[in-house]
Amino acid sequence: MNINDPTNAWAFAKFGIGQPVPRTEDATLLRGLGRYTDDIDLPGQLHAVIVRSRHAHGVIRGIETAAARAMPGVRGVYTAEDLKSYGPLKCAIPLKSRDGSEMKRPRRAALAEGKVRFVGDPVAFVVAETPAQAKDAAEAVEVEIDPLPAVTSAIQAARPGAPQLFDDVPGNVSLDYHYGDSAKVAEAFAAAAHVTRLELVNSRLVVSAMEPRAAIGVYDTARSHWTLHCPSQGVFGLKGQLADILGAPADKVRVLTGHVGGSFGMKISVYPEYICILHAARTLNRPVKWTDERSGSFVSDHHGRDHEVTGELALDKEGNFLALRFTIFGNMGAFLGTVAPLMPSLNAVKNTASIYKTPLLEVSTKCVFTNTTFVSAYRGAGRPEGNYYVERLIDRAASEMGIDRIALRKRNHIKPSQMPYTASSGMVYDSGDFPAVFKQALDAADVKGFAKRQRASRKRGKLRGLGIGSYLEVTAPPNKEMGGIRFEADGTVTIITGTLDYGQGHASPFAQVLGEKLGIPFDRIRLLQGDSDELIAGGGTGGSRSITASGTAIVEASAKVIANGKAIASHVLEAAAADIEFTAGRFTIAGTDRSIGIMELAEKIRGGLALPPEGPQSLDVKHTTDAIPSAFPNGTHVAEVEIDPDTGQVEVVKYSSVNDFGTIVNPLLVEGQVHGGVVQGIGQALLEQARYDSDGQLVTGSYMDYALPRAHGMPEIEFVSHPVPAKTNPLGTKGCGEAGCAGGLASVMNAVVDALAPYGVAHLDMPATPARVWQAMRSTKGT
């Protein structure tokens with residue numbers, strides 16, 4: 001297809017970079033034709049059910065399995081003793097404590113060994129011919145546990161005398177992390193004209209992906225080969241984790257992922273259930289399937305957030321920021337999740353610096369074990385909350401100092417002329433125009449008209465508040481990514497890359513990039529991500545990295561395809577390779593009208609075109625990038641809330657956002673990502689909180705007690721783009737997947753506190769439920 005041909009130009013305009021192309025998978029999914037893990041049934045498969053602890057903490061005295069083994073259809077009952085040949089589940093974060101000592105990493109086996117440490121801790125599993133038989137037998141397994149005292153708060157767990165989860169982890173502290181120059185920060189605080197201090201709670205959340213986890217384990221005895229079907233965020237990394245735990249060579253492990261119904265960080269890791277079913281598959285020589293129920297998901301899927309924070313901001317008399325200081329207790333739950341220590345430590349450092357020219361930053365974090373479900377990444381993974389801490393401190397400082405909150409932010413913005421800018425976090429921002437984004441956000445939100453809207457609300461008996469939430473996120477750390485391009489026998493072209501679509505809609509934007517670089521028709525492009533055997537590298541999807549990582553890989557792989565194509569086209573066109581040019585999908589002899597399209601050339605190769613043996617024999621490419629740097633998406637969100645003073649009910653009535661995501665490949669999908677992130681931010685701000693009682697029982701263990709945001713309670717979300725392309729990747733992208741959460745938390749909570757200011761409420765922790773708001777309004781000190 002030639003872009004210069006007027007009959008073809010429309011296709012490039014419609015499907016090129018920057019166009020709002022719909023998701024190609026929607027027709028399949030909306031007709032119920034998706035293929036999720038639970039949709040897979042293999043010949044001869046058995047079914048597994050996990051037996052979980054009902055105690056938060058206790059010593060296992062015995063597990064009686066005889067009755068279960070004798071039940072109809074049961075093919076096996078297994079405990080920790082049966083799984084001793086496998087390695088433990090591991091944390092992947094290589095952090096050290098402030099004294100240089102290694103982070104404490106107690107062993108976590110797939111099934112509890114000697115002791116249970118949270119409600120839901122897996123202690124045994126049953127395999128039977130049908131799910132009902134497995135469930136009945138699981139209920140017949142008798143687990144004798146001597147209960148021990150439990151602790152669920154990170155701060156309480158770190159206190160002297162608290163129940164100890166592990167003998168080799170004194171004080172329950174896994175990591176005592178520190179960043180910054182304590183002496184210089186202390187000096188800045190001592191010299192400050194004003195210091196603002198806030199106690200903040202980053203509330204614990206249940207991930208609540210639409211699709212519960214499921215898995216099928218297969219073992220091929222003849223090849224000593226394992227296959228795991230499961231939802232994931234990237235099969236290449238999951239394969240590496242599995243191989244390590246199984247003690248198997250990487251080429252003896254395969255991970256397959258089909259459609260995935262959401263994850264938000266939760267499906268990135270190996271879970272105990274996967275080791276259990278793989279063991280049973282090997283032992284019984286039959287596939288074994290396990291599908292979680294929602295009640296199981298509440299305790300077995302890792303949770304998100306859960307940090308208790310003291311934030312401090314030092315300012316001079318003009319309101320210039322001098323230093324930030326955070327003291328954080330991060331609740332790890334009962335075990336270290338794959339990336340759990342990252343959020344309250346390194347990611348707090350990277351993201352609390354935000355868009356402000358604060359010269360000094362100190363973060364002191366204790367990562368603490370408690371008798372709760374383990375915690376790991378949840379949408380943003382430290383980025384939204386880092387920005388939330390700073391934005392709450394700024395609003396509070398403005399109030400205490402009598403400085404307008406907008407003026408205070410403007411005074412401390414990093415200016416475009418200062419780029420590249422080395423932030424107090426040590427990160428180097430390559431691009432951004434924070435003052436312009438901020439101004440555009442205020443204009444889009446009609447902040448000047450707020451007083452009029454506030455008066456109208458007051459006439460209707462409602463309180464109205466306006467909140468600002470600026471953010472800057474540091475996306476996933478540098479990692480390599482695969483860019484494979486394969487010209488198929490049926491005339492289609494397959495992109496092979498190691499990110500993974502679990503709801504984002506990767507197929508369209510990746511095809512837009514490839515189509516623009518190689519001139520391949522959009523409808524001929526396919527995407528392959530979910531087969532680890534096809535990958536030579538892959539960082540998975542997370543940390544808003546996908547379009548930057550896979551986009552860069554596609555761009556670089558396309559250049560290699562063009563190089564191959566020039567060599568092959570020179571043979572077909574009988575010209576020197578140096579004389580071949582490539583433009584808009586066609587290889588042309590320079591200065592002539594002799595050319596051949598890339599798809600036509602691929603067809604000739606498939607047809608048996610004889611090629612010189614010393615040159616490329618195909619257009620196909622398997623490419624791995626160098627490590628791709630982090631990017632810095634940023635923006636400002638403005639929320640307005642109304643509060644019913646009689647009930648404490650909060651409603652978000654107006655929401656605007658201006659975002660800098662660099663080059664936007666597909667604005668339709670980017671806006672959708674922002675909408676989803678904002679709704680999850682509103683959910684945490686107003687509704688969601690996983691709560692435990694003093695015995696370690698999860699009291700919000702179903703949707704009867706755990707509230708999720710619903711469409712009818714959400715505002716119209718205005719999305720405006722202010723792109724400043726990144727300079728660290730060839731597309732100029734910055735990532736967008738978690739930004740909505742980052743803007744949503746701060747803007748909504750600042751709006752709530754603003755609305756409650758007439759009642760003397762200076763701070764309110766998330767979630768701002770009606771009960772909390774009502775109580776705060778009736779307390780002279782607030783809460």
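Which residues does E516 touch, not counting residues up to four places away in sequence? The legends below take up that residue and then several other spots in this predicted model.

Figure 1. E516 touches G16 and I17 once residues up to four places away in sequence are set aside. You will find E516 in helix α15, which covers residues 507–518. With a relative accessible area of 41%, E516 is partly exposed, because that class lies between 20% and 50%. For a sense of scale, pick out V74 as well: the C-alpha atoms of E516 and V74 are separated by 56 Å, and the two residues are 442 residues apart along the chain.

Figure 2. Along the principal axes, the C-alpha trace spans about 85 × 75 × 55 Å. Buried residues make up 60% of the 783 residues. Among contacts with a separation of 6 or more, 79% are between residues 24 or more positions apart. The accessible surface comes to about 29400 Å², and 52% of it belongs to carbon and sulfur atoms. As for charge, the mean positions of the 80 positive and 84 negative charges are 3 Å apart.

Figure 3. Strands of a sheet pair through backbone hydrogen bonds, either parallel or antiparallel. Here, β26 pairs with strand β18 (residues 463–472) in the antiparallel sense over 10 bridges, and I468 stands opposite V638 in β26. Strand β27 (residues 650–660) also pairs with β26 in the antiparallel sense, over 10 bridges. To find your place in that pairing, look for T636, whose bridge partner in β27 is V658. The hairpin formed by β26 and β27 has six residues between the strands, and G648 in the turn has a positive phi of about 80 degrees.

**Figure 4. Strand β9 and its two antiparallel partners.** Five of the seven residues in strand β9 (residues 214–220) are buried, so the strand is mostly covered. β9 runs antiparallel to strand β12 (residues 288–291), joined by four bridges, and A215 stands opposite W290 in β12. Five bridges join β9 to strand β10 (residues 225–229), again antiparallel, with D220 opposite H225 in β10. β9 and β10 form a hairpin with four residues between them, and S224 in its turn has a positive phi of about 50 degrees.

**Figure 5. An open sheet of three strands.** The strand order in this sheet is β4-β2-β6, with antiparallel pairing. At the edges are β4 (115–116) and β6 (142–147), each of which pairs on one side only. Six bridges join strand β2 (residues 58–64) to β6. A handy landmark in that pairing is I60, whose bridge partner in β6 is I145.

**Figure 6. Q680 and its contacts.** Q680 belongs to helix α18 (residues 667–686). Its relative accessibility is 11%, so Q680 counts as buried. Leaving out residues up to four places away in sequence, Q680 touches F264, Y378, R379, E688 and C741.

**Figure 7. Two cis peptide bonds in loops.** M419 and P420 are joined by a cis peptide bond, with omega about -5 degrees. P420 is in the loop between α12 (405–412) and β16 (421–422). Another cis peptide bond joins M766 and P767, and its omega is about -5 degrees. P767 is in the loop between α19 (739–756) and α20 (770–777).

**Figure 8. Positive phi without glycine.** N285 is a residue other than glycine, yet its phi is positive, near 60 degrees. Look for N285 in the loop between α8 (272–284) and β12. S354 is not a glycine either, and its phi is positive at about 55 degrees. The loop that holds S354 is between α10 (346–352) and β15 (361–369). With a relative accessible area of 1%, S354 is buried.

Conventions. Residues are numbered from 1 along each chain as its sequence is written. This is a predicted model: local features need pLDDT of at least 70, side-chain atom pairs count only at pLDDT 80 or more; totals for chains, interfaces and linings use all residues. Side-chain values use heavy atoms; hydrogens and water are left out. Buried means under 20% relative accessible area, exposed over 50%, partly exposed in between (1.4 Å probe, protein chains only). Contact means heavy atoms within 4.5 Å. Accessible areas come from the Shrake-Rupley method with a 1.4 Å probe; for residues, only the protein chains shown count as cover. Lys and Arg count as positive and Asp and Glu as negative; His and the chain ends are not counted. The place of a charge is taken as NZ of Lys, CZ of Arg, CG of Asp or CD of Glu. Two strands pair if DSSP finds at least two bridges between them.
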